Amino acid sequence: MDPLTPLRTERFLPHPPKAIFQAFAHPEQLALWWGPAGFRNTFERFEFHPGGRWEFVMHGPDGQDYPNRARFEVLEADRIVIRHVNAPHFTLTVQLQPADGGTQLEWLQAFDDPQVAAAVRAICEPANEQNLDRLAALLSAGAAA
């Protein structure tokens with residue numbers, strides 16, 4: 001696969017786009033599902049508006065902490081764009097399209113450096129799937145209603 005091609009994960013969720021958007025918009029909900037299985041989050045700053053900062057620490061199941069700094073670039077009903085401003089540098093674009101009584105979600109993670117993309121692909125692709133598994137579980141439990 002071309003290293004310039006964004007990492008892509010797609011998923012149909014049997015929930016309306018608005019419910020998925022709300023799972024991003026509310027930090028208490030986002031903290032519950034953001035990251036791969038076994039991770040938890042501590043949010044230090046969460047400014048959910050275009051240009052707003054999102055600073056948080058992901059706590060791995062191995063006890064290691066991963067500080068993250070991001071900026072919300074676009075926050076629209078059908079598109080969320082988040083710029084990761086510390087290494088590794090990437091832009092995450094989440095598209096939400098109504099489909100068959102639910103939402104077709106597209107998750108595109110575009111890394112600035114093709115070598116970094118190639119190096120992390122094997123980690124990020126399953127981690128992104130786990131992230132969406134956690135989102136689906138939150139939505140199914142009704143926490144993002």
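**Close-up views of a predicted model**

**Figure 1. Where helix 1 meets helix 3.** In this predicted model, A19, I20 and A23 of helix 1 are in contact with L135, L138 and L139 of helix 3. Sorted by type, the residues of this contact comprise 6 nonpolar, no polar and no charged.

**Figure 2. The crossing of helix 1 and helix 3.** Two packed helices are described by the angle between their axes and the distance between the axes. Here, helix 1 and helix 3 pack at an angle of about 110°, and their axes lie 11 Å apart. Helix 1 is therefore roughly perpendicular to helix 3. The crossing of helix 1 past helix 3 is right-handed.

**Figure 3. Helix 1 and its buried residues.** Helix 1 spans residues 17-25 and is mostly covered, with 7 of its 9 residues buried. Those buried residues are P17, A19, I20, F21, A23, F24 and A25.

Figure 4. An open sheet is built from 7 strands in the order 1-7-6-5-4-3-2, with antiparallel pairing. Strand 1 (7-13) and strand 2 (40-46) stand at the edges, and each has a single partner strand, so one side of each is left without a neighbour in the sheet. From one strand to the next, the twist averages 20°.

Figure 5. Strand 1 runs antiparallel to strand 7 (residues 102-111), and 7 bridges join the two. To find your place in this pairing, look for T9, whose bridge partner in strand 7 is W107. Helix 3 (residues 114-140) lies across strand 1 and strand 7, and runs at about 15° to strand 1.

Figure 6. A handy landmark is T42, which has V57 as its bridge partner in strand 3. The hairpin of strand 2 and strand 3 has 6 residues between the strands, and in this hairpin G51 takes a positive phi near 90°.

Technical notes:
Residues numbered from 1 in each chain as written. Predicted model: local features only at pLDDT ≥ 70, side-chain atom pairs only at ≥ 80, totals over all residues. Heavy atoms only, no water. Buried < 20%, exposed > 50% of the residue type's maximum accessible area, 1.4 Å probe, protein only. Helix = DSSP H or I, 4+ residues; strand = E, 2+ residues; numbered from the N terminus. Pairing = 2+ DSSP bridges. Axes fitted to C-alpha atoms, helices over the stretch in contact; angles between N-to-C directions. Contact = heavy atoms within 4.5 Å. Parallel < 35°, antiparallel > 145°, perpendicular 65-115°, else oblique. Left-handed = near helix turned anticlockwise from the far one by under 90°. Nonpolar A, V, L, I, M, F, W, Y, C, P; charged D, E, K, R; others polar.
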